[in-house]
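Thanks for coming. I have one structure to go through today, and I will keep to what can be computed from its atoms. Please have a look at it first.

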Amino acid sequence: MKKIKIIGGGLAGPEAALQAAKRGCNVDLYEMRPTRSTEAHQTSDFAELVCSNSLKSESENTAPWLLKQEMRRAGSILLAEADATAVPAGHALAVDRVEFSKRVAERIAAEPRITVHREEVTQLNEHDPDTLTLLASGPLTSAALAAELQRLTGSDHLAFYDSISPIVDATTIDMSKVYFAARYDKGTADYINCPFTKEEYERFIEALTTAEAVEAKDWEKFPVTGTPEKLQYFEGCLPIEETARRGRDTLRFGPMKPVGLTDPKTGRWPYAVVQLRQENLRADSYNLVGFQNHLKYGEQDRVLKLIPGLEHATFLRYGQIHRNTYIHAPSLLTETLQLKAHPSIMIAGQLSGVEGYTESIASGMLAGIYVASIAQGQTPTPAPRGSANGSLTHYITHAEIKKFQPANITFDLLPPLEEDLRKKMRDKKERHRLQCDRALTAWSEWLTATQPTLN
């Protein structure tokens with residue numbers, strides 16, 4: 001049996017290691033923290049959630065729900081720990097970050113087939129016939145390892161820039177000015193809502209768009225290649241000040257959308273709203289949903305205190321920006337996440353071009369299944385195209401080369417319904433239900449055929 005070396009202790013790496021280990025493989029798991037940290041991590045913990053604490057929607061027959069349902073059926077270990085550490089978040093699965101990381105670390109420590117190495121890996125030996133290497137070092141891959149991967153692939157990396165939302169001390173929120181509500185009263189009222197009048201909103205937008213941004217650091221100016229680059233933000237995580245500059249009402253139709261959030265004091269929707277989501281099980285801190293930014297800390301303190309209810313808030317963490325690096329997967333990867341030119345090297349997680357916590361865990365889960373199969377002398381069968389997991393992998397490995405960007409799971413990635421069926425089925429929710437039914441059927445058949453012990 002071949003040796004398995006997994007690089008990266010974020011989300012994809014630990015999931016892959018645990019999947020391979022439970023299939024009887026010995027795994028060496030490498031994580032460079034705390035020996036060497038990154039621009040965004042605050043700890044050396046496994047599975048640290050750097051940005052938000054949300055793993056997205058749990059509403060039935062949505063694309064994120066479908067992906068997670070497939071993962072649960074396949075025995076995703078990190079998703080099970082996410083379920084076990086869930087905090088109230090309406091229709092979303094959000095977790096207590098600290099407890100989640102702690103439980104993942106305990107799972108790794110309890111697995112005798114996994115050996116943890118706290119050191120930076122800077123070389124990839126693609127010619128070692130006895131070792132399979134799975135690179136899951138994430139969007140904050142060190143410059144040395146990124147350069148080594150660039151040598152191996154012979155192509156330039158792409159880089160975009162992602163931001164982190166602020167977190168506020170719950171005891172410093174003025175609860176007389178805010179209210180708990182779920183959009184359209186669906187589910188439990190788990191979000192704190194900070195309502196704006198038109199005048200308050202205009203004052204906030206003026207302050208936000210004129211606030212001073214953080215000066216670009218060297219790693220932003222020279223991310224991998226050493227050549228200055230213009231910052232390229234991933235649209236799904238655009239800093240709020242960038243969004244606000246696209247138009248004064250842009251935030252009111254984005255993260256500050258008030259639709260369906262009736263203020264009990266007025267009986268009406270506010271002009272705009274900022275939502276706060278519970279950060280941990282103790283409910284002593286909340287993060288500002290969608291409020292990632294690239295402003296100086298002093299400016300953030302000034303601007304964010306213009307939010308009704310946060311006038312005297314204490315911020316436990318301010319927003320910040322970090323680099324995300326990913327490979328050009330359509331040119332480089334097979335559907336089993338192996339490099340086309342070097343099949344003994346595999347890529348998983350955000351480095352492969354998937355975007356989001358759940359997607360990264362899903363990628364790691366598949367990679368762990370595939371690498372275990374290869375290590376045992378078998379040929380892995382790719383996840384079915386009709387499933388959410390298979391569609392996500394199909395996208396990153398088959399996307400149009402010139403337009404490739406990282407992707408979250410959406411229905412657009414799944415095979416569309418037949419045209420005549422679409423015409424008959426005008427209700428979009430019903431179409432999505434049918435797509436989910438088909439995906440789960442394809443997924444279950446694949447599990448039965450390839451992973452009988454997981455059913």
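Is Glu126 buried or exposed? This is a predicted model, and in it Glu126 has a relative accessibility of 14%, so it counts as buried, the cut-off being under 20%. Glu126 sits in the loop between strand S6 (114–117) and strand S7 (131–135). If we set aside the neighbours within four places in sequence, Glu126 is in contact with Arg151, Leu152, His342, Ser344 and Ile345. One goes to the side chain of Arg151, at 3.2 Å. The other joins Glu126 to the side chain of His127, at 3.5 Å. For a sense of distance along the chain, Glu126 and Glu111 are 15 residues apart in sequence, and their C-alpha atoms are 27 Å apart in space.

Arg151 leads on to the salt bridges. How many does the structure hold? The count is 21. I will take three of them.

Arg151 forms a salt bridge with Glu148, with N to O at 2.9 Å. Both residues are in helix H5 (residues 143–153), and because they are 3 residues apart there, about one helical turn separates them. Glu148 is buried, with 12% relative accessible area, while Arg151 is partly exposed at 46%.

Glu58 is in the loop between strand S3 (54–57) and helix H2 (63–74), and Lys68 is in helix H2, so the pair ties together parts that are 10 residues apart in sequence. Lys68 has 0% relative accessibility and counts as buried. Glu58, at 27%, counts as partly exposed. Glu58 and Lys68 also belong to a network of salt bridges, together with Arg72 and Asp83.

Next, helix H3, which covers residues 77–84. Which of its residues are buried? They are Ile77, Leu78, Leu79, Glu81 and Ala82. At the start of H3, a side-chain oxygen of Ser76 comes within 3.3 Å of the backbone nitrogen of Leu79.

Now some backbone angles. Most residues other than glycine have a negative phi. Ala47 has a positive one, near 55 degrees. Ala47 is placed in the loop between strand S2 (27–30) and S3, and it is buried, with a relative accessible area of 0%. Asn61 is another non-glycine residue with positive phi, about 65 degrees. Asn61 is in the loop between S3 and H2, and at 18% relative accessibility it counts as buried.

A brief point on cysteines. How many disulfides does the structure hold? There are 0. Cys25 counts as buried, at 0% relative accessibility, and Cys194 is buried as well, also with 0%.

Last, the whole chain. It has 14 helices and 16 strands. Of its 455 residues, 57% are buried. The C-alpha trace spans about 65 × 55 × 45 Å along its principal axes. A compact globule with 455 residues would have a radius of gyration near 23 Å, and this chain has 22 Å, which agrees. Taking the contacts with a separation of 6 or more, residues 24 or more positions apart account for 72%. The accessible surface comes to about 19100 Å², and carbon and sulfur atoms contribute 51% of that.

That is the set. I can take questions now.

Key
Residues are numbered from 1 along each chain as its sequence is written. This is a predicted model: local features need pLDDT of at least 70, side-chain atom pairs count only at pLDDT 80 or more; totals for chains, interfaces and linings use all residues. Side-chain values use heavy atoms; hydrogens and water are left out. Buried means under 20% relative accessible area, exposed over 50%, partly exposed in between (1.4 Å probe, protein chains only). Helices (H or I, at least four residues) and strands (E, at least two) are DSSP runs, numbered from the N terminus. A polar contact is a pair of N or O atoms within 3.5 Å; within protein, one must be able to donate a hydrogen and the other to accept it, and residues adjacent in sequence count only if both atoms are side-chain atoms. A salt bridge is a side-chain nitrogen of Lys or Arg within 4 Å of a carboxyl oxygen of Asp or Glu. The radius of gyration is taken over C-alpha atoms; the globule rule is 2.2 Å times the number of residues to the power 0.38. Contact means heavy atoms within 4.5 Å. Accessible areas come from the Shrake-Rupley method with a 1.4 Å probe; for residues, only the protein chains shown count as cover. A disulfide is a pair of cysteine sulfur atoms within 2.5 Å.
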